[in-house]
Amino acid sequence: MAEVSLRERRQRLLERPDLAGTAFCRAYAEQADEWLVSLANRATEGSTRSLALLAVGGYGRGELCPFSDLDVVLVHDGHRNVGEVADAIWYPVWDEGVHLDHSVRRPTEVLAAAEGDLRVALGLLDARLVWGDSRVADPLIGEAVSLWRTKLGDKWLPTLSEQMAERHRIQGEVAFLLEPDLKEARGGLRDASVLRAIAAYAPKLAGHVDMRSIEPAASVLIAIRVELHRRAGRALDKLLLQEQDHVASVLGYKDADDLMASVSRVGRTIAWAVEDAWRRQASWRPAREQRFGRRRPRTVVQPAPVEVEPGIELIGVEVALTEAAGIVDDSSLPLRLAAVAAERDLPIARSALRRLADRLPPAPDPWPIETRETLVRLLRVGRPAIAAVESLDQEDLVTRLLPEWAPVRSRPQRNALHRFTVDRHLLEAAANAAQLAGRVQRPDLLVVGALLHDIGKGYPGDHTEAGVDLVGRIGVRMGFSGRDTDVLVAMVRHHLLLPDVATRRDLDDPMTIERVAHAVGDPVTLELLGALAEADGLATGSAAWGPWKAGLVAELVARTRAYLGGEPLPAVDGRVAESQARLVAEVREGGGAAVVLDPPLVTVAAPDRPGLLASVAGVLALHGLDVRSADATSGDGVAVEVFAVEVQRGSWPDSARLREDLEAVLDDRLVLEERLAARARAYAGERRVWTARPIAPQVLTDNEASASSTVLEIRAPDEIGLLHRVTQALFDSDLDVVSARMSTFGPEVVDAFYVRTATGEKVTDPDRIRSVEAAVLSAVR
């Protein structure tokens, strides 16, 4: 009877929908064992003397996903025909198309390889005998583990730490990424293996390595990884957006959001545990041993506790609770514990977290003053507060103080703009706000407002409206005054106001400033919103905050502050006016176009003609420039258009080439649409971003935003040449574009166009508004 191939065995397992996760991995590892045993027996005619085939790494642990490598070592003790035996095993594996990581070594060579290669040393920690002579395998496996504990751990753990940090830098975080790499990212399966290595190094100090929570967390990621392999028919470790709905359905989650929330929770559990283990390194690697490489002492003398404030003490490199700590009576205790840890950048002792988890009651309503002040104290520490709060959150202690936190815990934000889950985003925003506290009169309201600004995202409906309702109650419960609570509510209600207005409205239009001033009400709230906009944008990601947006928000704040103080608005820079006048003179003298590149501004002067803005926008797109704003003026037959741009790739274009292309377009010597279409095709893959839901183009008309112009706001997928198509559609609708503002949010753009009729009026006729909207939608689609 013919031997069933490994590929056939794997396929049979893959066709069993009931077999998933670690159960699949164990079953596949067992099938691989049986198949390799049959190969080895044929090669040796059943004689195992002086030979042993070891499974190492993930295969050794029995974590064999469908398309994982087979990691094996053929160990021999002077076997005469070991090369022939090895070939008889390796070649059938290769014929199966299964990836194989293999070696043939004597026991001493195996240990020598472990001393020279970290990967070999780690793989041996999970080694097990698949086939052969246990008298060869068992001593080697035992000696490999012993060598790790006595020598190799000291040598390799610093390197492992460096590799992990570099891997995290490149791959990001499982808990917060839209499409996380389940194996390599921070909080992934590779980090679980790092924890196992630390546990193997210091088995008597297992309390410093939380393997109890790691194994269930790793099992969740393994289950997802198995389904990704099954679905793709190949090794796939990145949880791609387009696979999330399928994986969620197969594994019994409610939907993709539920799946990603689970991924976030387990990723944070693993990341927190591994980083906590490294932070406690001094407890399991004494300082003098690290510093001087001396032999580890047989006993570790624990330093005497030092009480730093009531109920809280330092024990070595940890912050702990004293025996007499008032857990039941002092609602500020967990926050004080976290504040002490953050201020000293030390971990919180696990014993303290567990004692709090066992006995801490919900916070009283309202909070005592000390509890509120301690929250502010903690948040104002800045970035170290994130680790401290997440330590509390690992034991579900944050919700004892703030029940509204529960719906945002590990809640995914499935769009390309956000880097983090909602809860981590709030902590990041609060940490950023702490760095900006010197810019505001009320730093306490700034950090608390930053912590709560998106709290409504865990609730049904519009997150801002939900947040306003929640924070109105939370502020009172925390013990803030009525006035301060109103400010916190205003911060939630208007947390997007300044960046939205700054990027989508004309800041030179007095009505823009008047409407913002009316919304914010007073200078204190204005400065809080300005700082919150920066803290929120930085916490969101690079696409949400950069120099261009920061400059616009700062300008809007300055103009609104002047308006609220009854001062005149800042005037236009006289040097800009002089520069534009020189360009106009150059055009009148030479008759062609004049172009000035002054990053990030591109100023174009040319003989005025219908559709000029559309033509210029198209030429800028051809040269790889993404327009962020555009302002157009004209007089005496010359138009001046000023564009604020960003370079997405390459370098700034040459002014002469830009002028040549512009003149070619104006003289009908360059077919712009064809060139733009070709460029869009060339960069289609580069600009493509997956979205959880299709972006439906929208056009909204606003006749209240400006006293002299109609504002058309357009939402659409980001595409090369979009601005050219839209401005051309507006020109074809007999409208003049006075100014425009463009914002890109991941795969989506939100563009605002200030337009007037040919006679300089707003567009007010309903039929004409509908016609314009239809024309623009047609151009977008």
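Modeller: Helices here are DSSP runs of at least four residues, numbered from the N terminus. The model is predicted.

Colleague: How many cavities of 30 Å³ or more does the structure hold?

Modeller: There are 6 cavities at that cut-off. A cavity is a set of grid points where a 1.4 Å probe fits but cannot get out. The second largest cavity has a volume of about 160 Å³.

Colleague: Which residues lie nearest the centre of the second largest cavity?

Modeller: Leu335, Leu375, Val398, Leu402 and Leu451 do, out of a lining of 14 residues. At least two lining residues come from each of α16 (369–379), α17 (384–394) and α18 (398–401).

Colleague: Which helix gives the most to that lining?

Modeller: Helix α16 does, with 3 residues.

Colleague: Now salt bridges. What is the general idea, and how many does the structure hold?

Modeller: Side chains of opposite charge can pair when their charged atoms come close. The structure holds 52 salt bridges. One of them is formed by the side chains of Lys151 and Glu115, at 3.0 Å from N to O.

Colleague: Which parts does the pair of Lys151 and Glu115 tie together?

Modeller: Lys151 belongs to helix α7 (residues 134–171) and Glu115 to helix α5 (residues 107–116), so the pair ties together parts that are 36 residues apart in sequence.

Colleague: Which residues form the negative surface patch?

Modeller: A patch takes residues with over 30% relative accessible area and no salt bridge, with like charges joined within 9 Å. Here the negative patch consists of Asp608, Asp732, Asp734 and Asp736. Asp732 is part of helix α32 (residues 722–732), whereas Asp734 is in the loop between α32 and β14 (735–745).

Colleague: What is the phi of Asp734?

Modeller: Asp734 is not a glycine, yet its phi is positive, at about 60 degrees. Ser50, also not a glycine, has a positive phi of about 70 degrees. Ser50 is found in the loop between helix α2 (21–44) and strand β1 (51–55).

Conventions
Residues numbered from 1 in each chain as written. Predicted model: local features only at pLDDT ≥ 70, side-chain atom pairs only at ≥ 80, totals over all residues. Heavy atoms only, no water. Patch = residues over 30% accessible without salt bridge, like charges linked within 9 Å, V, L, I, M, F, W, Y side chains within 5 Å. Areas by Shrake-Rupley, 256 points an atom, 1.4 Å probe, with all protein chains shown as cover. Salt bridge = Lys/Arg side-chain N within 4 Å of Asp/Glu carboxyl O. Lys, Arg positive; Asp, Glu negative; His and termini not counted. Charge placed at Lys NZ, Arg CZ, Asp CG, Glu CD. 1 Å grid on protein atoms, 1.4 Å probe; cavity = no way out; pocket = protein on both sides within 12 Å on 5 of 7 lines; lining within 4 Å. Points joined across faces, edges and corners; volume = space filled by probe spheres on them.
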